[in-house]
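Trainee: Could you walk me through this one? I am still learning how to read a structure like this.

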Amino acid sequence: MGPSLITSKYLRLVCVYISSATVGNGTNLSFWGDTWTPFGPLLHFIGSAGPTVLRIPLSATVADATAGLSWGMQIDPLCCLCSAEVETRHHLLLTCHFSRCIWENVFLRLKLPPLLFRDWNHLISWTLVQNRSPPPTLRKLVAQASVYAIWKQRNNILHNSQVITPLSIFKIIDREVRNSISARRHRKKFKDLMSRWII
Ligand SMILES: [Zn+2]
């Protein structure tokens, strides 16, 4: 994987996951080795060149790597999806009624009862459940696509004042999941995923 792809993947992660609040107990988590995002261990997701290219030592904790980063230039502390509550990572991605509407569609598609993620760790552990219905590979794909789509929508509103309905966002997630499965269909773990996702 080339440096530019690593950087864009990393930036995506930083944008989505690093809130102004502390990342859980980030002082005990290895930035590269632990599963603290739905993308799994970042050394595996970004690749072994990651620590060098991004100048984040292999021994860095999540707290080390994310110190000083924040949501960015946003002045208004309110969630731009609902304008009703303060924007935290937890609210924006998990409990905002806008995001919940998207998650409900996701669960409906997965033929699972609707689930309200209590917190970030709850989402991570949900992606790791060793269950065939659906298997963790699909859970991870869906969680990645959903979190990223919600984050993109937040930026769309913030920077372009462009509002898209939760249902339209679910359609984007649907397409993203299909594309991801399709691109890896020859891998054993991905073989049956399309039928699990679309039927
Ligand atoms: Zn909200």
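Trainee: Ok, what kind of model is it, and what is the mean pLDDT of the protein chain?

Mentor: This is a predicted model, and the mean pLDDT of the protein chain is 81, with 81% of its residues reaching 70 or more. Over residues 18-22, however, the pLDDT is below 50, and beyond near neighbours in sequence this stretch has 10 contacts in the model. Residues 70-74 also stay under 50, and for them the model has four contacts beyond four places in sequence. Where pLDDT is low, the predicted coordinates should not be read in detail.

Trainee: Got it. How many helices and strands does the protein chain have?

Mentor: The protein chain has 10 helices and zero strands, so if you keep the convention that helices are numbered from the N terminus in mind, you can follow them in order. Of its 199 residues, 28% count as buried. Among contacts between residues at least 6 apart in sequence, 58% join residues at least 24 apart.

Trainee: Let's pick a helix. Which residues of α9 are buried?

Mentor: Helix α9 runs over residues 166-183, and its 18 residues reach 26 Å from the first C-alpha to the last, close to the 26 Å expected at 1.5 Å a residue. The buried residues in α9 are Pro166, Ile169, Phe170, Ile173, Val177, Ser180 and Ile181. Seen down the axis of α9, these buried residues fall within an arc of 110°, so they line one face of the helix.

Trainee: And what is on the other side of α9?

Mentor: On that other side, Leu167, Arg175, Asn179, Ser182 and Ala183 are exposed.

Trainee: What covers the buried residues of α9, then?

Mentor: The cover includes α6 (97-109), α8 (136-160) and α10 (193-198).

Trainee: Since α6 came up, which of its residues are buried?

Mentor: In α6 the buried residues are Phe98, Ser99, Ile102, Trp103 and Val106. They cover an arc of only 135° around the axis, which puts them on the same side of α6. The face turned away from that buried side carries the exposed residues His97 and Leu108. As for what covers the buried residues of α6, this includes α5 (89-95), α8 and α9.

Trainee: How far does α6 reach from end to end?

Mentor: With 13 residues, α6 reaches 18 Å from its first C-alpha to its last, close to the 18 Å expected at 1.5 Å a residue. After α6 comes Lys111, whose phi is positive, near 55°.

Trainee: Changing topic, where does Pro114 sit, and is it buried or exposed?

Mentor: Pro114 is in the loop between α6 and α7 (120-128). It is exposed, because it has 11 other C-beta atoms within 10 Å, and a residue counts as exposed at 12 or fewer. Leaving out residues up to four places away in sequence, Pro114 touches Glu104 and Phe107. Pro114 and Trp103 are 11 residues apart in sequence and 7.8 Å apart in space, C-alpha to C-alpha.

Trainee: How do α7 and α8 cross, and which residues meet?

Mentor: The axes of α7 and α8 come within 7 Å and cross at roughly 140°. Leu123, Trp126, Thr127 and Leu128 in α7 meet Pro136, Arg139, Lys140 and Ala143 in α8. Sorted by class, this contact has five nonpolar, one polar and two charged residues.

Trainee: What span should α8 have with its 25 residues?

Mentor: At 1.5 Å a residue, α8 should span 36 Å, and its end C-alpha atoms are 35 Å apart, which agrees. Just after α8, Ser161 takes a positive phi of about 50°.

Trainee: Is Ser161 buried or exposed?

Mentor: Ser161 lies in the loop between α8 and α9, and it is exposed, with 8 other C-beta atoms within 10 Å.

How values were computed. Residues are numbered from 1 along each chain as its sequence is written. This is a predicted model: local features need pLDDT of at least 70, side-chain atom pairs count only at pLDDT 80 or more; totals for chains, interfaces and linings use all residues. Helices (H or I, at least four residues) and strands (E, at least two) are DSSP runs, numbered from the N terminus. The expected span of a helix is 1.5 Å times one less than its number of residues. A residue is buried if 20 or more other C-beta atoms lie within 10 Å of its own, exposed if 12 or fewer, and partly exposed in between; C-beta atoms are placed from the backbone. The arc is that of the directions from the helix axis to the C-beta atoms. Two residues are in contact if their C-beta atoms, placed from the backbone, lie within 7 Å. pLDDT is the predictor's confidence in each residue, from 0 to 100. Axes are lines fitted to C-alpha atoms, for helices over the stretch in contact, and angles run from 0 to 180 degrees between N-to-C directions. Ala, Val, Leu, Ile, Met, Phe, Trp, Tyr, Cys and Pro count as nonpolar, Asp, Glu, Lys and Arg as charged, and the others, Gly among them, as polar.
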